[in-house]
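Visitor: I am new to this structure. Please show it to me, and then I will ask about the words used for it.

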Amino acid sequence: MVKKETGFDISQPYGIAPIDLNDDGVDEWVIHEKKKTGCAATVSCRFIVAALSEKKPIILGQFYAGKLAILDKKMFGVR
């Protein structure tokens, strides 16, 4: 089942990792689909970066990748 407003297939399991990407003291969330085949160099998974705005969830961005690593190094004030 895909929710039209977000494109999420809620029948699939998701992984969620909270992280403060811009050091404002408020966590953003990195969300990814947990595919049965797993995410790897040859199999991409969809990643979504989300946050709260006026107490409602918003999507800041989304992309496809095999794996994701978030470093301490910042560019333009964000990780």
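Guide: What follows is a set of questions and answers on how this predicted model is described.

Visitor: How do the four strands form a sheet, and in which order?

Guide: The four strands form an open sheet in the order E1-E2-E3-E4, and the pairing is antiparallel. From one strand to the next, the twist averages 25 degrees.

Visitor: Why are E1 and E4 called edge strands?

Guide: Each of E1 and E4 pairs on one side only.

Visitor: How do you know that E2 and E3 pair?

Guide: Two strands pair if at least two bridges are found between them. Strand E2, residues 28–33, is joined to E3 by four bridges, so the two strands count as paired. They run antiparallel. In one of these places, Ile 31 has Ile 48 in E3 as its bridge partner.

Visitor: What makes E3 and E4 a pair?

Guide: The requirement is again at least two bridges. E3 and E4 have nine bridges, in the antiparallel sense, so they count as a pair. Arg 46 has Tyr 64 in E4 as its bridge partner, and Leu 52 stands opposite Pro 57 in E4.

Visitor: What lies between E3 and E4 in their hairpin?

Guide: Two residues lie between the strands of this hairpin. Glu 54, in the turn, has a positive phi of about 55 degrees.

Visitor: Which aromatic residues pair, and why is the pair called stacked?

Guide: The structure holds one aromatic pair. It is formed by Phe 47 and Phe 63, whose ring centres are 5.6 Å apart and whose planes are at 10 degrees. Centres have to lie within 6.5 Å for rings to pair, and planes under 30 degrees apart count as stacked. Both values meet these limits, so the pair is stacked.

Visitor: Where in the chain do Phe 47 and Phe 63 lie?

Guide: Phe 47 is in strand E3, residues 45–53, and Phe 63 is in strand E4, residues 56–65. The two are 16 residues apart, and the pair links distant parts of the chain.

Visitor: Why is Phe 47 called buried?

Guide: Buried means under 20% relative accessible area. Phe 47 has 6%, so it counts as buried. Its strand, E3, is mostly covered, with seven of its nine residues buried.

Visitor: Why is Phe 63 called partly exposed?

Guide: The relative accessible area of Phe 63 is 31%. Buried would need under 20% and exposed over 50%; the value lies in between, so Phe 63 is partly exposed.

Visitor: How many residues does the chain have, and what share is buried?

Guide: The chain has 79 residues, and buried residues make up 24% of them. The chain exposes about 6000 Å², of which carbon and sulfur atoms supply 59%.

How values were computed. Residues numbered from 1 in each chain as written. Predicted model: local features only at pLDDT ≥ 70, side-chain atom pairs only at ≥ 80, totals over all residues. Heavy atoms only, no water. Buried < 20%, exposed > 50% of the residue type's maximum accessible area, 1.4 Å probe, protein only. Areas by Shrake-Rupley, 256 points an atom, 1.4 Å probe, with all protein chains shown as cover. Phe/Tyr/Trp six-rings, centres within 6.5 Å; stacked < 30°, edge-to-face > 60°. Axes fitted to C-alpha atoms, helices over the stretch in contact; angles between N-to-C directions.
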